[in-house]
Amino acid sequence: MEDASWDRMVDAIDARFGLASHGRTKRPVAEGHELTESVAFITFERDGDMYMLERVTGPAIIDRKTVGARRAGATVHYEFVYDPDEEARKTILYRKAGDDWELLDPSALQL
């Protein structure tokens, strides 16, 4: 399925800052290893900092189950239930900090 909003965002970034690299890849979903998600990414430089923008398309989360004990100090984690037939998208922005990428709010680009 075509993603016009991603294309508009990439075009705006390319026109303002230029693209250092771009590509597409597939990776397993973190909590559902039998499922995969597609990732389109671009990297660009802005004000001397390197940024990476990802558009992740994968199965939609339809339920979240809480797993853990009901006592003080117990840790709780969540298990997600995915619908492999329904698609969800999210955009993630990172800024290069040393050798690592730190997560930022995509609205920080102010495009």
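The side chains of R27 and E54 meet in a salt bridge, with N and O 3.7 Å apart, where a salt bridge means a side-chain nitrogen of Lys or Arg within 4 Å of a carboxyl oxygen of Asp or Glu. Because R27 lies in strand β1 and E54 in strand β3 (residues 49-68), the pair ties together parts that are 27 residues apart in sequence. This is a predicted model, in which local features need pLDDT of at least 70 and side-chain atom pairs count only at pLDDT 80 or more, while totals for chains, interfaces and linings use all residues. Residues are numbered from 1 along each chain as its sequence is written, and side-chain values use heavy atoms, with hydrogens and water left out.

**The sheet**

- An open sheet is formed by 5 strands in the order β1-β2-β3-β4-β5, with antiparallel pairing; strands are DSSP runs (E, at least two residues) numbered from the N terminus, and two of them pair if DSSP finds at least two bridges between them.
- At the edges stand β1 (21-28) and β5 (100-104), each with a single partner strand, so one side of each is left without a neighbour in the sheet.
- On average, neighbouring strands of this sheet are turned by 40° against each other, direction ignored, the axes being lines fitted to C-alpha atoms and angles between N-to-C directions running from 0 to 180 degrees.
- Strand β1 is joined by 8 bridges to β2 (residues 36-46), and these two strands run antiparallel; within this pairing, G23 stands opposite F41 in β2.

**Salt bridges around R27**

- The structure holds 5 salt bridges, and one of them brings together the side chains of E37 and R27, at 2.9 Å from N to O.
- Since E37 lies in strand β2 and R27 in strand β1, this pair ties together parts that are 10 residues apart in sequence.
- E37 counts as buried at 13% relative accessibility, and E54 is buried as well, with a relative accessible area of 8%, where buried means under 20% relative accessible area, exposed over 50%, and partly exposed in between (1.4 Å probe, protein chains only).
- R27, in turn, counts as partly exposed at 29% relative accessibility.

**A further pair, and the network**

- E87 forms a salt bridge with R89, the closest N and O atoms being 3.3 Å apart.
- Both residues of this pair count as partly exposed, E87 at 45% relative accessibility and R89 at 32%.
- Salt bridges that share partners join R27, E37 and E54 into one network.

Conventions. Helix = DSSP H or I, 4+ residues; strand = E, 2+ residues; numbered from the N terminus.
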